[in-house]
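I opened my notebook on this one and wrote down what I looked up, entry by entry. Follow along in the viewer if you like.

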Amino acid sequence: MLTNIFSENPTKVVSDIEALGIPKYKAKQLLKWLYIHFESNPDAMTDLSKKMRDELVQLYSFSLPEIAETRTSVDRSSKYKLKLADGNFVEMVIIPAAKKNTLCISSQVGCARNCSFCATAQMGLIRNLEISEIVGQVVLAGKLVKPNRITNIVFMGMGEPLDNIDNVLSALEILQAEDGISFSPRRTTISTCGIVPAIIKLANSGIRTKLAVSLNSAIETKRTELMPINETYPLEELKKALIYFRKKTSFKVTFEYIMIPEVNMAWEDINALKKYVSDLSCKINLIPWNPVSGIAWTAPRNSHIDMFLTNSQVINQTITLRKSRGSDILGACGQLAATQSQKESL
Ligand code: SF4
């Protein structure tokens with residue numbers, strides 16, 4: 001089977017092509033087609049000779065996930081259902097703002113972590129995404145937003161990125177490479193439910209990225225109910241790993257806190273959060289819960305959100321409210337799930 005070119009580090013692509021007797025500058029032209037023009041069809045790479053293009057298709061596959069369905073929200077966010085080579089589906093979302101285009105990508109088909117507020121959890125884990133399927137989402141999105149550019153990448157789509165850490169790190173290496181997209185680590189965020197050994201591995205990897213932790217409660221029993229991972233890696237153990245991550249990378253960790261009425265929006269929740277973050281330098285991102293079919297909670301009303309935001313000012317950290325984007329197309333936080341029935345219906 002041919003190697004997918006989007007799974008290969010640009011340095012390796014250059015050396016593979018030089019080994020064919022093709023000069024280095026020609027290999028760099030190819031990389032420009034892939035990562036500057038986001039072109040995956042060798043026939044469209046007009047400044048490469050026919051002979052070189054023929055040799056390339058003998059060496060590599062250039063296939064990308066296929067866009068099977070697009071839904072655009074009234075707020076201009078677009079959700080793309082992507083068909084993978086084996087017939088599975090994942091979703092990615094592009095969220096445009098004034099001068100930004102944030103791309104939310106998936107790292108797994110489904111997820112094993114079973115968080116109680118999340119649509120992806122209902123699928124269970126089907127498989128990890130390959131490196132080329134992760135990089136491929138960025139290439140597809142780069143082409144879709146042309147002549148603008150993707151300015152931020154967040155691993156907040158389907159799956160737990162740190163459960164697929166080796167492929168996620170290799171994908172980041174390609175995206176950040178000078179001959180790749182040269183994407184800034186400051187504009188990349190991995191979101192995790194809190195897998196402690198993988199946070200340490202990420203901190204030690206030398207590959208830089210920001211980290212967001214889905215916290216949702218700083219009360220041990222409540223967090224375990226919302227996020228079963230908390231049983232394996234409880235709050236204090238998680239905190240130690242985050243302090244280590246901060247020391248190694250200098251990036252402040254962001255805590256995501258999904259606000260769920262009658263679950264985690266009382267004063268006891270604010271006081272526990274205040275205590276938990278008191279010895280950290282972090283940011284807190286409050287996110288209104290978005291309805292997910294099969295989960296009986298209700299979304300918070302605006303008055304409820306305002307009150308929680310006001311009350312949380314007792315916490316001495318930067319607190320922001322994330323506007324929910326794309327909820328009408330089920331593209332908002334916690335709503336992504338390309339189910340098997342969707343797989344069959346296409
Ligand atoms: S919130 Fe993230 S880690 Fe938890 S089940 Fe959903 S995708 Fe998995």
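This is a predicted model: local features need pLDDT of at least 70, side-chain atom pairs count only at pLDDT 80 or more; totals for chains, interfaces and linings use all residues.

I started with the distance between the domain centres: taken over C-alpha atoms, the centres of domain 1 and domain 2 are 33 Å apart. Domain 1 covers residues 3–61 and domain 2 covers 66–345.

Next I asked how many residues of each domain are in contact with the other. The area buried between domain 1 and domain 2 comes to about 1300 Å², and carbon and sulfur atoms give 63% of that. Which residues of domain 1 lose the most area to domain 2? They are Phe 6, Tyr 35 and Phe 38, which together make up 49% of what the domain 1 side buries.

**Charged and polar pairs at the interface**

I then looked for salt bridges across the interface of domain 1 and domain 2, and the rule finds two. I also looked up a salt bridge between the side chains of Glu 39 and Lys 143, with an N to O distance of 3.7 Å. For polar contacts across the same interface of domain 1 and domain 2, I noted two residue pairs. Helix α2 (residues 24–35) gives the most to the side of domain 1 that touches domain 2, namely four residues. By class, that side of domain 1 has seven nonpolar, four polar and three charged residues.

**Around the ligand**

My next stop was the ligand. Which residues are around it? I listed Cys 111, Arg 113, Asn 114, Cys 115, Phe 117, Cys 118, Ala 121, Gly 159, Glu 160 and Cys 193. Sorted by class, this shell holds six nonpolar, two polar and two charged residues.

**A salt bridge within a helix**

For the structure as a whole I noted 16 salt bridges. I picked out Asp 16 with Lys 12, where the closest N and O atoms are 3.1 Å apart. Why are these two separated by about one helical turn? Asp 16 and Lys 12 are four residues apart in helix α1 (residues 10–19), so about one helical turn separates them.

The peptide bond from Lys 146 to Pro 147 is cis, with omega near 5°. I located Pro 147 in the loop between α4 (131–144) and β9 (152–155). Arg 76 is not a glycine, yet has a positive phi of about 80°. I placed Arg 76 in the loop between β3 (66–72) and β4 (78–83).

Conventions
Residues are numbered from 1 along each chain as its sequence is written. Side-chain values use heavy atoms; hydrogens and water are left out. Domain bounds come from an automatic or database domain assignment. Contact means heavy atoms within 4.5 Å. Buried area is the accessible area (1.4 Å probe) that two parts lose on being put together, summed over both. A salt bridge is a side-chain nitrogen of Lys or Arg within 4 Å of a carboxyl oxygen of Asp or Glu. A polar contact is a pair of N or O atoms within 3.5 Å; within protein, one must be able to donate a hydrogen and the other to accept it, and residues adjacent in sequence count only if both atoms are side-chain atoms. Ala, Val, Leu, Ile, Met, Phe, Trp, Tyr, Cys and Pro count as nonpolar, Asp, Glu, Lys and Arg as charged, and the others, Gly among them, as polar. A residue is near a molecule or strand if one of its heavy atoms lies within 4 Å of it.
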